[in-house]
Amino acid sequence: MSPYDFTNMDPFLHNLQIRKFILNSKYPFFIYDLEKIKKNFISLKNALPRNFQIYYSMKANPNVNVVRFLYTLGCGVEVASGGELETATKVGVPPEKIIFAGPGKRDEELFQAIKCGIKVINVESFNELSRVNEIAKSLNCIQDVNIRVNPLFKIEESALQMGGDAQKFGIDFEQMEKLKMLLTNFKNTNLVGIHVFSATQILNQTLIVKNFENTIKIAQAVSALLMKKLTLVDMGSGLGIPYSKNEHEVELGNLKESMQRIIDSTQLQNNTSFVIETGRFLVGESGYYVTQVIDKKISRGKTFIICDGGINHLLRTALINTAHPIAVIQRNAREEFETVSIGGSLCTSLDFFAKDVVLPLIEIGDYIVVKNSGAYGYTESMPYFLSHDFADEYLYVKDEIKLIRKGRKIEDMLAEQILVL
Ligand SMILES: Cc1ncc(COP(=O)(O)O)c(C=O)c1O
C-alpha cells in the first residue's frame, strides 16, 4: 500500500472531464475547484459564533475570480498591499468590507486606503500609526485602526510563527503604555480594536481556541489600559489544512461552543465584532497543479522523475520543505508501485515536489498532480527563474473548465525588459 495512493481517490481527479483535460494538456497549469472553496467557506461559517465575520486573506490566492467568489459568498477581504486593495475594489468588494494588514505599508498605499474609505487599517508600528494619522489629517478625515499586537504567547506547533519572541510583526504587548501616550495626540486616528496573528498552518482546535482566548485577554488588557471600549477583535487564526499523511483536518465540531463560551466570559461590550482572517483554509484544498513527466532516470539506486514544471510555478514544497500530497494520472493504467523523487526542470537541487515517496508506477508522458496548491501556490513562487513560460490558471465551475489567467510567455518577459546596451 502506498502512503500517497489515497490521493488518487480524490473525486475531482476521477471526474472524467477533468481527467481528459489533464491527459490532453501540453504545459503545466493550475486548476481550482470552486465547489471546494464554497464547501470550506460554509463549514467555517457554520463553525463560528454569530458575531464572527470571515475575511479572506487574498495573499493566499489573489486571482480575481477567487476574490470575487468569496466576497459573493459573504467574506470580507484582508489585503496586504496597494495592489491587493486595487484588486479587491476592482472585483466589487466595497471598502467597508476591506481590512488593510501587513508590515511596511507605503505612504501611497495608506493614502489609497484611507481615501477610498477602508474599514480599518491594522497598524504594525508606532511610526505607521503616526503616518496613518498624518495622511488622514491631510485628507481631513478620521481613520479607524486596529493595533497589531505581538503577543507574549507563541504557538509552538506551527513552523511559521509570526507572534511571540522578537518579531517584525506588530507592536510588543509590553509597549502598549507608549500607545496610550501617542493616541492622545493623534486626533485623526480612532483605535477600534486589536489584531493578533501568531502563526499559520495550525491544525489543532485546542490551539485555535487558546489563541482566541489569549487574543481576547489582550483586547481586555488594551481596553483597560486605554480606558476605551474596543469594538473589533481580529484574531487572525492561521487555520491549516493537511499536507501530509500524518496531518488531519482541523476538527471544527465544537469550535462554536468553545469560542462562544470565551466571548460570554469577557467584559467586552455586546456590539464587539470578531474577525477571523484566513486564506489557506478557504482556498488551499481547491487547487491542483498539473505537470507532465518528461524524463525518468536512476541514479545510484534512486529513481528520479523529472517534470516539465517545477518550483518556478510551485515553490512552496521547497520553501517550507514539506511535500504536498501527490497523485499520478497514468496514460496507461498499471498496478505496481515504486519509490521515487519528483523534481522539476530547473537547474537547482531545491527543485523537488517530493522525495522518496511511494507512488503508482510512473512513465514518461504521465501526469503528476500536486494537490492542495490553491493557497500560496501560483503567487508564492519564482516564475522568472530559467525563463520558462508561466503556468496558466483554470477554474472548474458548474461542470465547465474555464481559463482564468493566461501565463506569461517568453515574448511577454522580453517585452517588459529595456535593453540599454
Ligand atoms: C496578517 C496575516 N493575516 C492572514 C494571513 C493568512 O494566513 P493563512 O493563509 O494561514 O490563513 C497571513 C499569512 O501570512 C498574515 O500574515
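Q: How are helices and strands defined here, and how many does the protein have?
A: Helices are DSSP runs of H or I with at least four residues, strands are runs of E with at least two, and both are numbered from the N terminus. By that rule the protein has 13 helices and 20 strands. Its radius of gyration is 23 Å, close to the 22 Å from the globule rule for 421 residues, so the protein is as compact as a globular protein of that length. The radius is taken over C-alpha atoms, and the rule is 2.2 Å times the number of residues to the power 0.38.

Q: What kind of model is this, and how are residues numbered?
A: This is a predicted model, in which local features need pLDDT of at least 70, side-chain atom pairs count only at pLDDT 80 or more, and totals for chains, interfaces and linings use all residues. Residues are numbered from 1 along each chain as its sequence is written.

Q: Which residues of helix α3 are buried, and which are exposed?
A: A residue is buried if 20 or more other C-beta atoms lie within 10 Å of its own, exposed if 12 or fewer, and partly exposed in between, with C-beta atoms placed from the backbone. In α3, I37, N40, F41 and L44 are buried. Seen down the helix axis, these buried residues fall within an arc of 100°, so they line one face of α3. The arc is that of the directions from the axis to the C-beta atoms. On the other side of α3, I42 and N46 are exposed.

Q: What do the buried residues of α3 pack against?
A: Two residues are in contact if their C-beta atoms, placed from the backbone, lie within 7 Å. The buried residues of α3 pack against β2 (52-57), α4 (64-73) and α11 (280-283).

Q: Which residues are closest to the ligand?
A: A residue counts as near if its C-beta atom, placed from the backbone, lies within 6 Å of the molecule. The ligand is surrounded by 17 residues, the closest being S57, T200, T278, G279 and R280. At least two residues of the shell come from each of β12 (273-278) and α11.

Q: What is the phi of M227 and of Y376?
A: Most residues other than glycine have a negative phi. M227 has a positive phi of about 50°, and Y376 has a positive phi of about 55°. M227 counts as exposed, with 7 C-beta neighbours inside 10 Å, whereas Y376 counts as buried, with 23.
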